[in-house]
Amino acid sequence: LRTALEVVRGEAPLAEKQKALRLLACGADEVMVGAVTDALLRDVSEEVRGAAAAALGCTLLSRLKGLPDLASALASDRADLVRLEVARTLKGIEHRAALEALERSVRDDPAPEIRRDAARYADELRRALERAPQVSALSAPGRPDPPVGFPIDETIVLAFDFPVNPLTLLPGTVSLSDPEGSRVPVLVRPDLLRGLRLTLTPATTLAPNTLYTVVVDPAVEDARGEPLPAPIRFIFLTEVRP
């Protein structure tokens with residue numbers, strides 16, 4: 001990552017800067033994302049600024065941290081190809097601020113082709129914002145989805161069908177309960193890169209042939225910064241053992 005920072009800030013060829021920018025944005029670290037957004041706003045090369053705009057679409061954390069500068073570049077960058085790349089990247093960021101930036105571009109951008117594409121991207125994004133995350137699968141590492149016969153001594157892996165903000169997936173917002181409603185202590189580990197997976201490691205072995213409920217609280221936000229409209233519940237039955 002240090003080498004990538006030096007490449008972005010130096011006089012390296014375009015192809016090397018593009019690779020370095022992707023690496024830095026995927027690092028999902030404030031310093032790394034800051035270097036990418038700095039290149040987006042200040043690099044003299046249109047190609048490098050366009051590559052920086054594309055790189056900010058890499059991960060959930062990067063997108064959220066780089067979003068204000070990305071939206072600013074769509075409104076103010078002097079190069080058509082940079083504004084077009086920014087619009088493409090914003091299309092993949094399901095957040096209301098991204099939609100607002102695209103709608104501004106539809107109204108105000110001087111280039112007809114960018115206004116046209118921004119309008120199409122805004123329509124796609126508007127439809128995407130109407131969705132809410134749900135649990136699409138529950139499994140153990142290396143095993144298929146087993147809502148019935150779940151192993152009693154395995155980590156629980158929840159898969160979402162739509163990204164959530166991993167910074168809001170905290171122990172108090174995700175719970176595991178037995179049939180009596182008593183909470184089972186668990187270690188919560190969110191997927192920081194994509195926001196599509198969550199692992200729960202129970203502090204004790206689960207009881208066999210027992211229904212357990214995982215609840216994700218509405219305080220959890222989706223990738224757009226919106227709280228969940230209702231709790232997400234998923235029930236599974238553990239395996240039968242003698």
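User: Before we start, what should I know about the model and its numbering?

Analyst: The model is predicted, with local features needing pLDDT of at least 70 and side-chain atom pairs counting only at pLDDT 80 or more, while totals for chains, interfaces and linings use all residues. Residues are numbered from 1 along each chain as its sequence is written, and side-chain values use heavy atoms, with hydrogens and water left out.

User: How many strands form the open sheet that contains β2, and in what order do they come?

Analyst: First, the terms: helices (H or I, at least four residues) and strands (E, at least two) are DSSP runs numbered from the N terminus, and two strands pair if DSSP finds at least two bridges between them. Here, four strands make an open sheet with mixed pairing, in the order β2-β8-β7-β4. Its edge strands, β2 (148-150) and β4 (174-177), each pair on one side only. On average, neighbouring strands of this sheet are turned by 40° against each other, direction ignored; axes are lines fitted to C-alpha atoms, for helices over the stretch in contact, and angles run from 0 to 180 degrees between N-to-C directions.

User: Which residues stand opposite each other in this sheet?

Analyst: Let's walk across it. β2 and β8 are parallel, with two bridges, and F150 stands opposite T238 in β8. β7 and β8 run antiparallel and are joined by six bridges; T213 there faces I235 of β8 as its opposite residue. Finally, β4 and β7 (residues 211-216) are antiparallel with four bridges, where S175 has V215 as its bridge partner.

User: Which residues of β8 lie on its covered face?

Analyst: In a regular strand the side chains alternate between the two faces of the sheet. Strand β8 (residues 232-238) has I232, F234, F236 and T238 on the covered face, with R233, I235 and L237 on the uncovered one.

User: Is D77 buried or exposed?

Analyst: Buried means under 20% relative accessible area, exposed over 50%, and partly exposed in between (1.4 Å probe, protein chains only). D77 has 10% relative accessibility, so it counts as buried. D77 sits in the loop between α5 (60-76) and α6 (80-91). A polar atom of the D77 side chain lies 2.8 Å from the backbone nitrogen of A79. Leaving out residues up to four places away in sequence, D77 touches L40, R49, V82 and R83, where contact means heavy atoms within 4.5 Å.

User: How many aromatic pairs are there?

Analyst: A pair of aromatic rings is described by the distance of the centres and the angle of the planes. Rings of Phe, Tyr and Trp (its six-membered ring) pair if their centres lie within 6.5 Å; planes under 30 degrees apart count as stacked, over 60 as edge-to-face and the rest as tilted. The count is two. Y212 and F236 are stacked, with 6.0 Å centre to centre and 20° between the planes. Y212 belongs to β7 and F236 to β8, so this pair ties together parts 24 residues apart in sequence. Both Y212 and F236 are buried, and ring pairs link F150, Y212 and F236 into a cluster.

Definitions and conventions:
A polar contact is a pair of N or O atoms within 3.5 Å; within protein, one must be able to donate a hydrogen and the other to accept it, and residues adjacent in sequence count only if both atoms are side-chain atoms.
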